[in-house]
Structures are given as C-alpha cells and as structure tokens.
Amino acid sequence: MTTFSDSVADRLAAQAAMQRVPTPKAAVFQHRRFVPADLAAELIALIDRDRRPSTIADDNGDAYFRTSETCDLAADLPAVQRIEALLTDLSGIDPAYGEPLQGQRYAEGQEFKPHTDYFTPGGRDFQKYCALSGNRTWTFMVYLNDVAAGGATRFKALDKTFQPEAGKLLCWNNRLPDGAVNPATLHHGMKVRKGVKYVITKWYRERVWQG
C-alpha cells in the first residue's frame, strides 16, 4: 500500500486507461469506463433509497451553495465493498485512511458551487473535521450515469471541465507537493439542466480515519 506522496500519482499515471490533465497546477486524472454498468445501477439504487439534503462545512450563509442530496453508504453492503476494492486496487492507498463512501444525487437545477474538498486551515470548522484524521488528501469521484444536459465538474484554475459520463472516474490530489492545501483544486459541480446526476465520492485523509 502507498500513502499520500507522489507515489499515488505515479501509480495512477501507470494505469493504461488513465489520463492525466496536462497542467503543473494540480495532479488530476480521469479514467473512462472505470465502473461497470451493473455496479453503477446498484449504487444508484442505494443512493435513491437513503438520500438526504447535502450539507457543507464552514457554512457561508448561502442556502443555495450546495443543493444536492447525499447518501452515506454502509461499508457492509456488497456494492460498496465492490467499489471500495476497485478504488483500493487502483490507488494503492490503504483503505484505513478513507472516509466512508458517499453518494450524491443532483436533480434538475441542483449544483454545488465552487468549493474545495479540503477543509480550510484556520476555518471555523477545521478542528471539528480534522482534529482526529487530518485533512483530506485525495478525492476519487465516479459519475454513475449519463446526464441529458449540464452537471459538469469545472476546475476554473485549470481551465478544465469534465462532462458526466457513466462509469467515469475523476480523481485529484487536494495538496501541493509540500503538503499544503492546493487552491487550484477549487471545482464547481455545475447545475444539472436536464435529467438527474448520480456520483459516488471517496475521500482519503492524512491519518487513519477516526471520524
């Protein structure tokens, strides 16, 4: 198992189907058709069954900042175990460093405005979320379905926009080489214009996950 140094990026880059975004600003990768259709369908069903309104850390007072729904996916579910195994095999990151898997559902008009996945050092909720397990390191996100219109993920600082595509994995390092957080990973889950978007997200931490 690897930890969170450049070895993770090296491992990802060595995968034949992996594409790295050509930018020095951040380590960002995509892998088309990473999740098979049957597994995606199982995960979508789980999200639909247990979804709830999404929340944010360091609430900024904007009630429409994140309008999606979220589902916490139990680790003992067969579909969850299957996708966790795929992610572990791909990244080499010890699963002990991972947060529990989450699913998100975006209906028409819903979005997640520009944000980072790391918790801002010195932010109001930083200690609450990072005292035990440290900050977030890598993000792995999979689009589970095609979307009729909208729903792209835009990294403005990288001048790169990823369109939803069933089974496609998008992953990135939230940190700079020196370990500091990387503001260039700011990204926008853009509004779904037509249809519904489903994704699953896996975040890894600096230390073993303790909640």
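**Reading burial, cores and helix faces**

Modeller: Thr161 counts as partly exposed, at 36% relative accessibility, and since we are looking at a predicted model, this value, like the others we discuss, is computed from the model.

Biologist: Where is Thr161 found, and which residues does Thr161 touch beyond those up to four places away in sequence?

Modeller: Thr161 is found in strand S10, and, with residues up to four places away in sequence set aside, Thr161 touches Ala152, Thr153 and Arg154. To set this against another part of the chain, Thr161 and Leu43 are 118 residues apart in sequence and 24 Å apart in space, C-alpha to C-alpha.

Biologist: How should I read a lysine such as Lys202: is Lys202 buried or exposed?

Modeller: Burial is read from relative accessible area, with under 20% counted as buried. Lys202, which lies in strand S14 (residues 197–205), counts as buried because its relative accessibility is 4%.

Biologist: With which side chain does the side chain of Lys202 make a polar contact, and what else is in contact with Lys202?

Modeller: The polar contact joins the side chain of Lys202 to the side chain of Glu84, at 2.9 Å. Leaving aside neighbours within four places in sequence, the residues in contact with Lys202 also include Leu87, Pro100, Leu101, Trp138 and Phe140.

Biologist: How many residues has the largest nonpolar core, and which have the most contacts inside it?

Modeller: A nonpolar core is read as a set of buried nonpolar residues joined through side-chain atoms. The largest core here has 33 residues, and those with the most contacts inside it are Leu12, Ile83, Trp138, Phe140, Leu144, Leu169 and Ile200. Helices H1 (6–13), H2 (37–50) and H3 (78–91), together with strands S7 (136–143), S11 (169–173) and S14, each supply at least two residues of this core, while the largest share, six residues, comes from H2. Apart from this core lies another, of 17 residues, among them Tyr106, Val147, Phe155 and Val199.

Biologist: How many disulfides does the structure hold?

Modeller: A disulfide is a covalent bond between the sulfur atoms of two cysteines. The structure holds zero disulfides; as for burial, Cys130 counts as buried at 4% relative accessibility, and Cys171 counts as buried at 0%.

Biologist: Which residues other than glycine have a positive phi, including Arg33 and Asp159, and where are these two found?

Modeller: Arg33, which is not a glycine, has a positive phi of about 55°, and is found in the loop between strand S2 (28–31) and H2, where Arg33 counts as exposed at 66% relative accessibility. Asp159, also not a glycine, has a positive phi near 55° and is found in the loop between strand S9 (153–155) and strand S10 (160–162); Asp159 is exposed, with a relative accessible area of 72%.

How values were computed: Residues are numbered from 1 along each chain as its sequence is written. This is a predicted model: local features need pLDDT of at least 70, side-chain atom pairs count only at pLDDT 80 or more; totals for chains, interfaces and linings use all residues. Side-chain values use heavy atoms; hydrogens and water are left out. Buried means under 20% relative accessible area, exposed over 50%, partly exposed in between (1.4 Å probe, protein chains only). A polar contact is a pair of N or O atoms within 3.5 Å; within protein, one must be able to donate a hydrogen and the other to accept it, and residues adjacent in sequence count only if both atoms are side-chain atoms. Contact means heavy atoms within 4.5 Å. A nonpolar core is a set of buried Ala, Val, Leu, Ile, Met, Phe, Trp, Tyr and Cys residues joined through side-chain atoms within 4.5 Å. A disulfide is a pair of cysteine sulfur atoms within 2.5 Å.
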